[in-house]
Amino acid sequence: MFAVLVKGPSMAPTLRDGDAVLARRGGRAPRPGDVVLARFRSRPDLLVVKRVVRREGDGWWLAGDNPYASADSTSYGVANIEARVVLQWWPRLRWRLCSGTETGDPR
């Protein structure tokens, strides 16, 4: 597992600019609704945090949760998924599992 810092508003309200998440490579296959780290094939230099919509040929169609501020598969096409987000761990008062279920402050 490794930590990633979210930049930008594309996943609001689920994840906001400055949130930190833990991601895991491998494990189970991505499913629609999962939040993932990915690279669009047309922009391999850009690592993004997006939600899986569906399998599209040999890639994945991804979307941001904020339709007004998200450059996603609508703009860049299919993506390759690198990891699945499993936990939001910062800010501490908004801990949640990647399913979106609030778990509260772990103290």
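This is a predicted model: local features need pLDDT of at least 70, side-chain atom pairs count only at pLDDT 80 or more; totals for chains, interfaces and linings use all residues.
## Overall make-up

The chain has 107 residues, of which 36% are buried. Its secondary structure amounts to 1 helix and 7 strands. Read from the N terminus, the order of elements is β-β-β-β-β-α-β-β.

## Strand pairing

The pairings described here are listed in the table, each with its sense and number of bridges.

| Strands | Sense | Bridges |
|---|---|---|
| β1 and β2 | antiparallel | 4 bridges |
| β2 and β6 | antiparallel | 5 bridges |
| β3 and β4 | antiparallel | 6 bridges |
| β3 and β6 | antiparallel | 5 bridges |
| β4 and β5 | antiparallel | 5 bridges |

Strand β1 covers residues 2-5 and β2 covers residues 20-24. Between these two strands, Val-4 has Val-21 of β2 as its bridge partner. Strand β2 also pairs with β6, and there Arg-24 stands opposite Arg-84 of β6.

Strand β3 spans residues 35-40. It pairs with β4, residues 43-56, in the antiparallel sense, and with β6, residues 79-90, also in the antiparallel sense. On the β4 side, the bridge partner of Val-36 is Lys-50, and Leu-37 stands opposite Val-49. On the β6 side, Ala-38 has Ile-81 as its bridge partner. Of the 6 residues of β3, 5 are buried, so the strand is largely enclosed by the rest of the structure.

Strands β3 and β4 form a hairpin with 2 residues between them. The hairpin of β4 and β5 likewise has 2 residues between its strands, and in it Gly-57 takes a positive phi near 60°. Most residues other than glycine have a negative phi. Strand β5 comprises residues 59-63, and its Ala-63 is the bridge partner of Arg-51.

The peptide bond leading from Ala-12 to Pro-13 is cis, with omega near 10°. Most peptide bonds are trans.

Thr-14 has a relative accessibility of 16% and therefore counts as buried, the cut-off for this class being under 20%. Its side chain is joined to that of Asp-65 by a polar contact of 2.5 Å.

Gly-18 is partly exposed, with a relative accessible area of 29%. This residue and Trp-90 are 72 residues apart along the chain, and their C-alpha atoms are separated by 8.2 Å.

## The aromatic pair

How many aromatic pairs does a search of the whole structure find? The search gives 1 aromatic pair. It is formed by Phe-40 and Tyr-76, whose ring centres are 5.3 Å apart. The ring planes meet at 40°, so the pair is tilted, since planes under 30 degrees apart would count as stacked and those over 60 as edge-to-face.

Are the two members buried or exposed? Phe-40 has 0% relative accessibility and so counts as buried. Tyr-76, at 25% relative accessibility, counts as partly exposed.

## The largest pocket

The largest pocket has a volume of about 200 Å³. It is lined by 15 residues, and the closest to its centre are Lys-7, Ser-10, Leu-47, Val-48 and Val-49. One of these, Val-49, is the residue of β4 that Leu-37 stands opposite.

Which strand supplies the largest share of the lining? That share, 5 residues, comes from β4. Strands β1 and β4 each contribute at least two residues to the lining. By residue class, the lining divides into 11 nonpolar, 2 polar and 2 charged residues.

Strand β6 pairs with β2 and with β3.

Notes
Residues are numbered from 1 along each chain as its sequence is written. Side-chain values use heavy atoms; hydrogens and water are left out. Rings of Phe, Tyr and Trp (its six-membered ring) pair if their centres lie within 6.5 Å; planes under 30 degrees apart count as stacked, over 60 as edge-to-face and the rest as tilted. Buried means under 20% relative accessible area, exposed over 50%, partly exposed in between (1.4 Å probe, protein chains only). A polar contact is a pair of N or O atoms within 3.5 Å; within protein, one must be able to donate a hydrogen and the other to accept it, and residues adjacent in sequence count only if both atoms are side-chain atoms. Two strands pair if DSSP finds at least two bridges between them. On a 1 Å grid over the protein atoms alone, a cavity is a set of points where a 1.4 Å probe fits but cannot get out, and a pocket is an open set with protein on both sides within 12 Å along at least five of seven lines; lining residues have an atom within 4 Å of a point. Grid points are joined across faces, edges and corners, and a volume is the space filled by probe spheres set on the points. Ala, Val, Leu, Ile, Met, Phe, Trp, Tyr, Cys and Pro count as nonpolar, Asp, Glu, Lys and Arg as charged, and the others, Gly among them, as polar.
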